[in-house]
Amino acid sequence: DSLPGLLVKYFYIKPIFRPHTRMFLRESLRLLRKEVLYYSVGLQDEIYQTLMAELTLALPRREMHVPGQPVAAEAEPQDLVTLHFTSRRLLSEFKTKIHSRIVVIGASCTGLSFIYTLLALPYIHFTNIVLISRDGVPDHPNVSDHTWFADRLSFLEREYMLFRLPCKIRIIEGNLVDFERTEKYVVTDNGYVEPYDHLVITAGRQYTVPKEISAPKYVARNGVFPLGSKLMLEKLIQHVRESEIYEDDLSHCVIYGSSLDSFCTITALLQLGVKASRLALVSPTVAEIDAEGGAFRDPAVELKVEKLCEAMGIKFYKHHDLERMDYNDDNQLTGIYIKNQSEVLLEDGEGSQRARRSVELPCTMFVYCHEKDIDPAILSAL
């Protein structure tokens with residue numbers, strides 16, 4: 001009685017009357033003298049798609065955190081719900097249904113924001129939105145066991161679960177390998193052929209190991225791991241847990257990168273059980289990051305973090321670029337050579353300049369998180 005509206009727990013309407021669902025809801029509110037109808041749905045709940053088509057998404061409220069005030073406890077993932085509503089005024093207006101086939105390539109923040117904007121429109125209902133992504137909808141950072149990336153996701157966890165409702169979008173896991181402009185369809189690497197009316201490519205930039213560093217066919221099989229897809233991270237974790245080679249103190253694990261993701265990777269590897277003495281961070285020179293005050297955007301903070309890591313035994317090689325990588329006869333990584341770009345070129349007795357000295361670093365694992373680029377498969381398809 002205290003709720004200023006109707007809360008829907010169960011909903012059923014015979015198929016012959018489904019086209020009149022809107023009128024049925026409007027008359028129910030009129031007869032019960034209510035103005036608003038609510039419907040909350042979680043991932044484990046049964047979803048009534050006929051009802052959802054007539055409702056509007058209630059955007060979660062974002063609360064600002066005041067320094068010194070306690071932070072409200074986050075709800076458990078199984079307790080999160082999305083709230084939908086409608087009112088007598090909204091039901092009296094016509095809601096346009098768009099049946100155009102909208103295909104979004106890539107689950108980047110841009111692609112998910114585009115889909116979220118479409119789903120939040122109160123006067124339009126999109127019936128055919130398809131997301132094609134290599135990992136589907138990636139897990140929210142709050143539910144991940146290990147944090148490999150800096151938290152740059154712009155969605156709350158309760159906002160993020162909207163993408164997992166099957167009545168909202170259809171998800172295809174796979175990589176784009178080809179698309180036909182004339183016939184209007186896309187092809188994925190796992191055999192899906194998806195037609196489209198509107199194609200939106202938001203693949204984003206990802207860490208990709210350059211070909212001159214390691215041949216693509218040997219990536220993840222010889223100890224070289226680009227910090228990227230869920231499959232690659234699973235192989236990295238398996239490599240750490242199953243390889244007996246980490247019993248050797250000389251078998252370093254090298255993290256190559258200058259961004260905040262490299263420090264997140266160090267934290268994740270420590271959580272996986274890799275000893276700090278075996279970790280080495282090689283940070284190449286990046287003018288944009290140096291101009292902004294380092295990875296933490298504050299030189300004082302970065303200095304304190306480096307001192308803390310060095311006290312734990314982690315080795316730092318700042319302003320070092322990768323020169324080459326060495327492999328054994330089985331194509332397994334054995335070491336890398338790096339050189340300091342901040343060193344002044346040495347001169348011999350005759351005054352001619354000599355090359356900078358290289359540093360040999362034995363390692364059996366190399367995590368690449370330096371430069372991002374668009375997926376080469378998508379570029380070749382374009």
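**Entry 1: Serine 154**

I began with serine 154, which, leaving aside its neighbours within four places in sequence, is in contact with Arg62, Cys109, Ser113 and Glu159; contact means heavy atoms within 4.5 Å. I note that this is a predicted model, in which local features need pLDDT of at least 70 and side-chain atom pairs count only at pLDDT 80 or more, while totals for chains, interfaces and linings use all residues. Residues are numbered from 1 along each chain as its sequence is written, and side-chain values use heavy atoms, with hydrogens and water left out.

I located serine 154 in the loop between strand E8 (129–133) and helix H5 (157–160). Helices (H or I, at least four residues) and strands (E, at least two) are DSSP runs, numbered from the N terminus. Serine 154 has a relative accessible area of 36% and is partly exposed; buried means under 20% relative accessible area, exposed over 50%, and partly exposed in between (1.4 Å probe, protein chains only). I also looked up leucine 112, which is 42 residues from serine 154 along the chain, with the two C-alpha atoms separated by 9.7 Å.

**Entry 2: Strand E8**

I then asked how many residues of E8 are buried. Five of the five are, so E8 is largely enclosed by the rest of the structure. I found both faces covered: Ile129, Leu131 and Ser133 are buried on one side, and Val130 and Ile132 on the other.

For pairing, I recorded that two strands pair if DSSP finds at least two bridges between them. Strands of a sheet pair through backbone hydrogen bonds, either parallel or antiparallel. E8 runs parallel to strand E6 (residues 102–105), and four bridges join them. The bridge partner of isoleucine 105 is isoleucine 132 in E8. E8 also pairs with strand E9 (residues 170–173), in the parallel sense and over four bridges. Here serine 133 stands opposite glutamate 173 in E9.

**Entry 3: An open sheet**

I followed an open sheet of four strands, whose order is E1-E2-E4-E3 with mixed pairing. Its edge strands are strand E1 (6–7) and E3, each of which pairs on one side only. Within this sheet I examined strand E2 (residues 36–41) and strand E4 (residues 82–87), which run antiparallel and are joined by six bridges. Tyrosine 39 stands opposite histidine 84 in E4.

**Entry 4: The cavity**

I searched for cavities and found one of 30 Å³ or more. On a 1 Å grid over the protein atoms alone, a cavity is a set of points where a 1.4 Å probe fits but cannot get out, and lining residues have an atom within 4 Å of a point. The volume of the largest cavity is about 110 Å³; grid points are joined across faces, edges and corners, and a volume is the space filled by probe spheres set on the points.

Which residues lie nearest the centre of the largest cavity? I noted Leu119, Ile124, His125, Phe126 and Lys168, from a lining of 13 residues. Strand E3 (56–57), helix H4 (109–120) and strand E7 (124–126) are the elements that give two or more residues to this lining. E7 provides the largest share, three residues. By class, I recorded nine nonpolar, two polar and two charged residues in the lining; Ala, Val, Leu, Ile, Met, Phe, Trp, Tyr, Cys and Pro count as nonpolar, Asp, Glu, Lys and Arg as charged, and the others, Gly among them, as polar.

**Entry 5: Nonpolar cores**

I took a nonpolar core to be a set of buried Ala, Val, Leu, Ile, Met, Phe, Trp, Tyr and Cys residues joined through side-chain atoms within 4.5 Å. The largest has 43 residues, of which Trp148, Ile255, Leu269, Ile336 and Phe366 touch the most other members. Strand E23 (residues 358–368) gives the largest share of this core, six residues. A second, separate core of 36 residues includes Val41, Leu57, Ala107 and Leu112.

**Entry 6: Two positive phi values**

Most residues other than glycine have a negative phi. I looked up arginine 33, whose phi is near 60 degrees, a positive value. Arginine 33 lies in the loop between helix H1 (21–31) and E2, and is exposed, with a relative accessible area of 76%. Histidine 319 also has a positive phi, near 60 degrees. Histidine 319 lies in the loop between strand E18 (315–318) and strand E19 (320–327), and counts as partly exposed at 29% relative accessibility.

**Entry 7: The whole chain**

Terms used. On a 1 Å grid over the protein atoms alone, a cavity is a set of points where a 1.4 Å probe fits but cannot get out, and a pocket is an open set with protein on both sides within 12 Å along at least five of seven lines; lining residues have an atom within 4 Å of a point.
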